[in-house]
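Morning, everyone. I want to walk through a few helices today. Please have the sequence and structure open.

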Amino acid sequence: MNYDRMRQEEQALWREIQSLMRRADEVDAEEDELYGPDSRGDELPEDLRCRQDRLAKIREAKARLEARQKSENSDAGNHPGLQSEVRRERPARTGLGPRCRPTGRRPPSDSGPGPLWRPAAPTPRLGSGSAPPPPMLEPAEALDRLRQGNARFAAGEVRACRPPTPEERAELARGQSPWAVVLGCSDSRVPVELVFDQGPGSLFVVRVAGNAATPGAVGSAEFGVGSLGCRLLVVLGHEGCGAVRAALEAEPGSLTPHLEDLVEGVRQGLRREPEGGAGPVLRNARAQAAQLLEQSALLREASEAGRLRVVAAVKDLESGRVAFDGG
Ligand SMILES: [Zn+2]
């Protein structure tokens, strides 16, 4: 995935929205010609359903566009053209869709520029009611949140990692805006959201045994950074990791082919990462972090441009504490 492709997808979405808007305009004009302004009275149930389906389609397309746009906006205005497109975007319409019969209580003709539809209030941005979305957390802020959350976890005072309220669920259903990517191990003792005491919608979590930078893990991290706009990527290892132990101790031929592939990635990482007083778990986390950057141009460029910070970390199983590499 790259910015050109994202931009193409956004432009396709934008064209789709414009097409829907144009079609809705045409249908409304036809209805007015056929039935006249007197038809703007009672609604029929089937018409309502048709209208709702149409609006749902338009809103879905807009939501997809806005979700992508949000991640682009966090990228220091690299795509001013797209941002201006969104500013030009028309608000949600209230008209009927194709083949819907004309009904609907339309606004009085003296209350707007057109006899059929007129712009409603500006469409709220996703994720924050009528306010603009908050900017993506700086890496240092995101890291601080993780530290604080982990301190709560280690102290047995978890409070953010809980089921969402109905209002929060509704908000989450409209879109996600996580502020950190975490590549962790699949180990059942390292549930990432709980370890960092973060609720749904906060962390974009990838879990692979040995927190290995497999192709799927790299792609997932690219999505978290490139599309969602996260500026912190943590590679979280843990003491007592079976994948690291297998990389050090497994007999040749003792693993299934897929598992061998995965463990070989850990093995290669350990060979490349100098010991220097660090244990194998931290060395593996460092090696997988380096692998992410080596394998992904998107992550590498974001890191080199200062938009992304990549940090290795290790969780101690007994204390629950996470030690971030470099303090
Ligand atoms: Zn593990």
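Predicted model: local features only at pLDDT ≥ 70, side-chain atom pairs only at ≥ 80, totals over all residues.

Look at α4 first. The residues buried there are P139, A142, R145, L146, G149, N150 and F153. Why do they sit on the same side of α4? Because they span an arc of only 130° around the axis.

What covers the buried residues of α4? The cover includes strands β1 (180-184), β3 (232-238), β4 (309-315) and β5 (322-324), along with α6 (192-195).

Now the dimensions. α4 runs over residues 139-154, 16 residues in total. From first C-alpha to last it reaches 22 Å, close to the 22 Å expected at 1.5 Å a residue. After α4 comes G156, with a positive phi near 70°.

Next, α7. This helix covers residues 215-227, so to speak 13 residues, and reaches 17 Å between its first and last C-alpha. That is close to the expected 18 Å. Buried in α7 are A217, V218, A221, E222, G224, V225 and G226. Just after α7, G229 has a positive phi of about 85°.

Last, the packing. The axes of α7 and α11, residues 297-304, come within 9 Å and cross at roughly 45°. That angle makes α7 oblique to α11. Their crossing is left-handed. On the α7 side, the contact is made by A221, E222, V225 and G226. On the α11 side, L298, L299 and A302 make the contact.

Conventions
Residues numbered from 1 in each chain as written. Helix = DSSP H or I, 4+ residues; strand = E, 2+ residues; numbered from the N terminus. Expected span 1.5 Å × (residues − 1). Buried ≥ 20, exposed ≤ 12 C-beta atoms within 10 Å, placed from the backbone. Arc of directions from axis to C-beta. Contact = placed C-beta atoms within 7 Å. Axes fitted to C-alpha atoms, helices over the stretch in contact; angles between N-to-C directions. Parallel < 35°, antiparallel > 145°, perpendicular 65-115°, else oblique. Left-handed = near helix turned anticlockwise from the far one by under 90°.
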